[in-house]
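Thanks for coming. Please look at the model on the screen while I go through it.

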Amino acid sequence: MKQSKNNRDEARLIRLKQVMDNTGLSRSYVYALAQKGQFPKPVKLSERSSAWIESEILTWIDERIQQRNEKA
């Protein structure tokens, strides 16, 4: 099955280090927020490996910025 470029961009997977770099959150806080449903959940790649969908992380960041701007 062939995906369009746009679908591939939306489904780009990033690892925990990049999630932490992009958000400024610690490893434990990323997992704690995800468990509470307040952060995108990781995609299980294998028994010991997970990644996040980059577009979901970027959307989460945009939502935090929007919340900040609404309060200002």
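This is a predicted model: local features need pLDDT of at least 70, side-chain atom pairs count only at pLDDT 80 or more; totals for chains, interfaces and linings use all residues.

Residues are numbered from 1 along each chain as its sequence is written, and side-chain values use heavy atoms, with hydrogens and water left out.

The protein has 4 helices and 3 strands. Helices (H or I, at least four residues) and strands (E, at least two) are DSSP runs, numbered from the N terminus. Along the sequence the pattern reads α-β-α-α-β-β-α. Of the 72 residues, 24% count as buried. Buried means under 20% relative accessible area, exposed over 50%, and partly exposed in between, using a 1.4 Å probe and protein chains only.

Now the core. A nonpolar core is a set of buried Ala, Val, Leu, Ile, Met, Phe, Trp, Tyr and Cys residues joined through side-chain atoms within 4.5 Å. The largest one here has 11 residues, among them Leu 16, Val 30, Ala 34 and Trp 52. Helices H2 (16–23), H3 and H4 (54–71) each supply at least two residues of this core. Which helix gives the most to this core? H3 does, with 3 residues. In soluble globular proteins, nonpolar side chains tend to be buried together.

Next, the helix pair. H2 and H3 pack at an angle of about 90 degrees, and their axes are 10 Å apart. Axes are lines fitted to C-alpha atoms, for helices over the stretch in contact, and angles run from 0 to 180 degrees between N-to-C directions. H2 and H3 are therefore roughly perpendicular, a label for angles of 65 to 115 degrees. Leu 16, Val 19 and Met 20 in H2 meet Arg 27, Val 30 and Tyr 31 in H3. Contact means heavy atoms within 4.5 Å.

Two single residues remain. Lys 41 sits in the loop between helix H3 (27–36) and strand S2 (43–46). Not counting residues up to four places away in sequence, Lys 41 touches Ala 34, Gln 35, Trp 52 and Glu 56. The side chain of Lys 41 reaches the backbone oxygen of Ala 34 at 2.6 Å.

Ser 50 is in strand S3 (residues 49–53). Is Ser 50 buried or exposed? Ser 50 counts as buried because its relative accessibility is 16%.

How values were computed. A polar contact is a pair of N or O atoms within 3.5 Å; within protein, one must be able to donate a hydrogen and the other to accept it, and residues adjacent in sequence count only if both atoms are side-chain atoms. Angles under 35 degrees count as roughly parallel, over 145 as roughly antiparallel, 65 to 115 as roughly perpendicular and the rest as oblique.
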